[in-house]
Amino acid sequence: MLDSVKTFTKILSYIIRGGCTIHVFQSTFIEFTETRGESMLPTLNSANDFVFSDKHYRNGRDLKIGDCIVALKPTDPDQRVCKRITGMPGDLILIDPSLKNYYNGNKQEIEFEDSFNKYIRVPKGHVWVTGDNLAHSLDSRSYNSIPLGLVKGKIIAANDFNKPFWENGVIYGFRKIENNYVDEA
Amino acid sequence: MAPPTPILSKDEILRAYKLDKMLKSPDNNCTLKSLTQFECSFDNGLYKCNPFKRIFQDCILSNGKRQVVEMTTSETNE
Amino acid sequence: PLYKNTIAFTGKKVLLMISWLPVAIIFNEHVAYVGKIEGSSMRPTMNPSSTSLQDWVLLWKFNVKDNLKLDDVILFRSPTNPNKVLCKRIKAVQGDIVSTRHPYPRETCAIPRNHLWAEGDNIHSIDSNNFGPISKGLVIGKATRIIWPPQRWGTDISKGGRECRMSLITREYDDVEEVKTE
């Protein structure tokens, strides 16, 4: 009887220590989690995509414009979002140049021009984030810039579990997620 | 929620940050940059994504500070 | 052989201690932690004078984000500088309308969903009047009691600061009006 209690506590203590070690690793070095939703198409799929998030970049350390990040949603901190940084502190950027209007009359023409005329300056300690799929993304355009303190990591790579385990030398559609802020040719 | 952020028109930022002078001055090292995002729609079981390119002037000012200004217009996106 | 045993014994003990280190880290990160309060923004509740010792508080973290109430003292990451942690008191929660103080650019502010209005007890404080309502996601923990220095044990930290919620300010104002007309 006493022996079985001893074995049980021993196993429990191994589980606790092992679990905590994994958790510490995940929150300091790298985390591998699932992402869902259409907001980052075509960079990330709407389902079955898993991302590697590098924790060195948490709280916004060393981030640059064009990086993909994981952050807590400011209006619902239980949810996490993947977005791309399109404005660093101090940058002067357009709120939403993607607003589509059609030249069907004077009024729309004005609105269309207007979307290229609404600037903001990203405040200190904040970043402006937008989803890669501008048509279906809830982001800074609706909840304003987000504090760097909500940033949990930078997405450096992703696996696609819709793809087969092995295809052209790639495991589960593994690919790097690059910064797409580049010199304009 | 971020601190209250005023919305400025192009004229206002041109004036407030003396942009014309900043972009033309040879002391400031400005490069033209772009960032491409997309507008996707679901069509016949497949996602169709049209690229949407945003243009930025990325300047290292003579005082060592960096200033990024978005230059996207309807013409740059055709 | 005795010497060899001692090394093996010490090595085993050290390994055992290291294996518990992640457990301690997780406890500090998610359950409870001890934090030092710096500066005068929470005066007179915390650090009552600049000559006395600085206060250390017990910071409760477990399950705290869903249980934040008015007048709780919280520690949170500064929205303007993610490397700085601030200690303030919750003076309004989501749905409240707040009467702001200088230098906030508008007279009132409606607190959005899952946001808090945090102010220091001291009027000289950098708080929501500077950077607006803060997201609950920035909250690190709730200060529950002062644990150091010992003469400050049992200090009541549950009250402090001003009333800034519009509904209450106007109600009090209405009461005064009524008395006048009688």
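Q: Which residue stands opposite A:Asp183 in strand 1 of chain B?
A: In this predicted model, A:Asp183 stands opposite B:Lys33, which belongs to strand 1 of chain B.

Q: What makes strand 13 of chain A and strand 1 of chain B count as paired?
A: Strand 13 of chain A and strand 1 (residues 29–43) of chain B are joined by three bridges in the antiparallel sense; since pairing asks for at least two bridges, the two strands are said to pair.

Q: Why is the contact between B:Lys53 and A:Glu184 called a salt bridge?
A: The closest N and O atoms of B:Lys53 and A:Glu184 are 3.0 Å apart, and because the cut-off between a side-chain nitrogen of Lys or Arg and a carboxyl oxygen of Asp or Glu is 4 Å, the pair qualifies as a salt bridge. Across the interface of chain A and chain B the rule finds two salt bridges, together with 23 residue pairs in polar contact, both residues being at pLDDT 80 or more.

Q: How is the size of an interface often given, and what is the value for chain A and chain B?
A: The usual figure is the accessible area lost when the parts come together; chain A and chain B bury about 3,600 Å² between them, with 56% of it on carbon and sulfur atoms. In chain A, the residues that lose the most area to chain B are A:Leu92, A:Tyr119 and A:Tyr181, together 22% of what that side buries. The contact draws on 43 residues from chain A and 38 residues from chain B.

Q: Why is B:Thr5 called buried?
A: B:Thr5 has 19% relative accessibility, and because buried means under 20%, B:Thr5 falls in that class. B:Thr5 lies in the segment before helix 1 of chain B and, not counting residues up to four places away in sequence, touches A:Ile120, A:Arg121, A:Pro123 and A:Asn144.

Q: Why is B:Pro6 called exposed?
A: The relative accessibility of B:Pro6 is 54%, and since exposed means over 50%, B:Pro6 is placed in that class. Leaving aside neighbours within four places in sequence, B:Pro6 is in contact with A:Tyr119 and A:Ile120.

Technical notes
Residues are numbered from 1 along each chain as its sequence is written. Chains are lettered from A and ligands numbered from 1 in the order in which they are written. This is a predicted model: local features need pLDDT of at least 70, side-chain atom pairs count only at pLDDT 80 or more; totals for chains, interfaces and linings use all residues. Side-chain values use heavy atoms; hydrogens and water are left out. Buried means under 20% relative accessible area, exposed over 50%, partly exposed in between (1.4 Å probe, protein chains only). Contact means heavy atoms within 4.5 Å. Helices (H or I, at least four residues) and strands (E, at least two) are DSSP runs, numbered from the N terminus. Buried area is the accessible area (1.4 Å probe) that two parts lose on being put together, summed over both. A polar contact is a pair of N or O atoms within 3.5 Å; within protein, one must be able to donate a hydrogen and the other to accept it, and residues adjacent in sequence count only if both atoms are side-chain atoms.
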